[in-house]
Amino acid sequence: MADIDKNNKNNNIDKNNIDNAIDNNKEEIKIEVKNLNFYYGDYHLLKDINLFFKKNSVCTILGPSGCGKSSFLRTLNRMNDYTEGSKLKGEVLLDGKNIYDKSIDVVELRRNVGMVFQNPNPFPKTVFENVAFGLKIHGIRNKQFIAERVEKCLKYAGLFDEVKDKLHKNAFSLSGGQQQRLCIARAIATNPSVLLMDEPTAYLDPASTATILDLIANFKKFYTIIIVSHNIQQAGRISDYSGFFLNGELIEFSKSGDFFTRPKDKRTENFITNRF
Amino acid sequence: MTEKENNKKTEDLGNYFPINKSYIKRKKIYNRIAYTFAALAFIIGAFPVFHIIYSALIIGYKYLNWNFISTLPSGFPIGAKGGILNAIIGDLYLVVIASCLAVPLGIGSGLYLSLFGKKRTNSIIRLLNELMIGIPSVVWGIMGFYIFSTNAGLGFHFGFSALAAGLTLGFIMTPIVTLLTEQAVNRIPVSYIEGALAMGATKWQATKSVIVKAAMGGIFTAVLLGVLNIIGQTAPLLFTNYYNTGMPTGVTGPGGAVGDLAMLIFIYIHEPSRILHYKAEAASVVLLFFVFALDIGMRLISWVTVKIFEML
């Protein structure tokens, strides 16, 4: 009982935070997470998460290692479906529809919600085929359309000039930063409206990191971007909204300005002043 | 803790490092012992291979010529003249028939195990699969005889024939291909599969266009080891095919039986004829050569395929 009380208390705090921080215009909400609980076996990983992401914004989820932030991100495009022993309660509304509803087509959902992983993970194919893969699996056969789209996506990802002579070489011949931008190009090829990024710059050098952060800032026009990170400086630079996870609970979620200058919760303050 | 205390602690850490000199001496000796043991184990393990090649060559060398592998056995007792063409062609029949069964079945179940199945069912299937690998080949032979050769089992009644033997060998080969395919796919980074799924690929799309390509080398090795295993099988053939000194006229029924190198060696060694004993040794050199050539050939094919798939 004590636990439940504690959770409810936290919930109220969270809701207040959000209400204060975001003007509650329903039309602008892209993803709304309601009472999300996620279990891995007997372990209660995510506890009563409530928050929403607005259209064309960049949101960063912060938190120490093992706090459930990556798992949270993966619930947004149902990548946890394949994790055996996992169980989910609650709702994730994308454009007002629960993505865990039986009528939802997971394939279409993942086309609409792109994902970029922590490690650059290009397929063992050519640069061109890596981007074209996303079009081919959705049944696009028109070669001219594919060629144009691949070029456009590579341009958006700021990679085309660097790889235009290597389009038909193996993707592993690119550098780490280029591979990660290739993965971003691959993710936007399927024309998603949401991009999930799981620590996209964790393994990259500072120059590549800066390039990718610039990309993210530009992408705001087209996509709703949700980034998981444990790099506080980066989050402060690029995000409109920031959330803080600790031990599977959402401690605080608000506009980045408020989040970093006037954190409401003591634990958030400790985290952003590097006390974890 | 103040900064001063902190510094002091670091200093203490730097100065205090008790090195055990006698252990450092001993650990080098341990290293040498381990090295010697490993080398010795390899030499003892590899010795039979070299001994077989050496002794077979010494005895059988005078029969090793083009005539030996290009003509059918003749003379009295049969095989005293002529060569072993029947057995070479027969082996080809058996390997092709067995592979037709075992390659799709084995690769299919290997992919199922590593990608689609649930944990609990998988562990049961894996156990059964390992059990199948452990079944003695003579038992497979009896099973093949009952099911494929006679009309008592499932009513196939293929007689003593290439088809009955090939299918039996196929069932011996399947669990090996399954096991090695699963291992090959499991070696592929999860990130490939996740990357494909996250773009909206179905599991089959991810398997077909990413995983199979990435695991191609390993899958080739799986098939290769399966073939190498069945090419030397004798016991199953005793019950399902036996032996044919001529060419087969079909794959089932009378005239469907084929020659086989392992059976040829087995039969020739049992004949009271010195010439046949020598020829058996020569035939084992040929069998070893085929195994060797197959190994090199498949490795080459796998290497080339992997290179080609990388370009696609």
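This is a predicted model: local features need pLDDT of at least 70, side-chain atom pairs count only at pLDDT 80 or more; totals for chains, interfaces and linings use all residues.
Over all chains, the count of aromatic pairs comes to 18. One of these is formed by Tyr241(A) and Phe253(A), whose ring centres lie 6.3 Å apart and whose planes meet at 15 degrees, so that the pair is classed as stacked, the limit for this class being planes under 30 degrees apart. Tyr241(A) belongs to strand 9 (residues 241-246) of chain A, whereas Phe253(A) belongs to strand 10 (residues 249-255) of chain A, and the pair therefore ties together parts that are twelve residues apart in sequence. Both partners fall below the 20% limit that defines a buried residue: Tyr241(A) has a relative accessibility of 7%, and Phe253(A) has a relative accessible area of 1%. The two residues are also members of a cluster, linked by ring pairs, that includes Phe53(A), Phe72(A) and Phe245(A) as well.

Charged side chains are also found over aromatic rings in chain A. The charged end of Lys87(A) sits over the ring of Tyr39(A), at 5.0 Å from its centre, while Arg186(A) lies over the face of Phe123(A), with a distance of 4.2 Å from the ring centre.

Chain B is divided into domain 1, covering residues 14-63, and domain 2, covering residues 86-311, and the C-alpha centres of these two domains lie 33 Å apart. Contact between them involves nine residues of domain 1 of chain B and eight residues of domain 2 of chain B. The area buried between the two domains is about 700 Å², and carbon and sulfur atoms give 82% of this area. On the side of domain 1 of chain B, Ala56(B), Ile59(B) and Tyr63(B) supply 65% of the area buried against domain 2 of chain B, which is more than any other three residues. The count of salt bridges between the two domains of chain B is zero.

Within chain B, Ser149(B) lies in helix 6, which spans residues 137-149. With a relative accessibility of 4%, Ser149(B) counts as buried, because the limit for that class is under 20%. When neighbours within four places in sequence are left aside, the residues in contact with Ser149(B) are Gly144(B), His157(B), Phe158(B), Gly159(B), Phe160(B) and Ala164(B), together with Phe239(B) and Thr240(B).

Definitions and conventions
Residues are numbered from 1 along each chain as its sequence is written. Chains are lettered from A and ligands numbered from 1 in the order in which they are written. Side-chain values use heavy atoms; hydrogens and water are left out. Rings of Phe, Tyr and Trp (its six-membered ring) pair if their centres lie within 6.5 Å; planes under 30 degrees apart count as stacked, over 60 as edge-to-face and the rest as tilted. Helices (H or I, at least four residues) and strands (E, at least two) are DSSP runs, numbered from the N terminus. Buried means under 20% relative accessible area, exposed over 50%, partly exposed in between (1.4 Å probe, protein chains only). A charge sits over a ring if NZ of Lys or CZ of Arg is within 6 Å of the ring centre and within 35 degrees of the ring normal. Domain bounds come from an automatic or database domain assignment. Contact means heavy atoms within 4.5 Å. Buried area is the accessible area (1.4 Å probe) that two parts lose on being put together, summed over both. A salt bridge is a side-chain nitrogen of Lys or Arg within 4 Å of a carboxyl oxygen of Asp or Glu.
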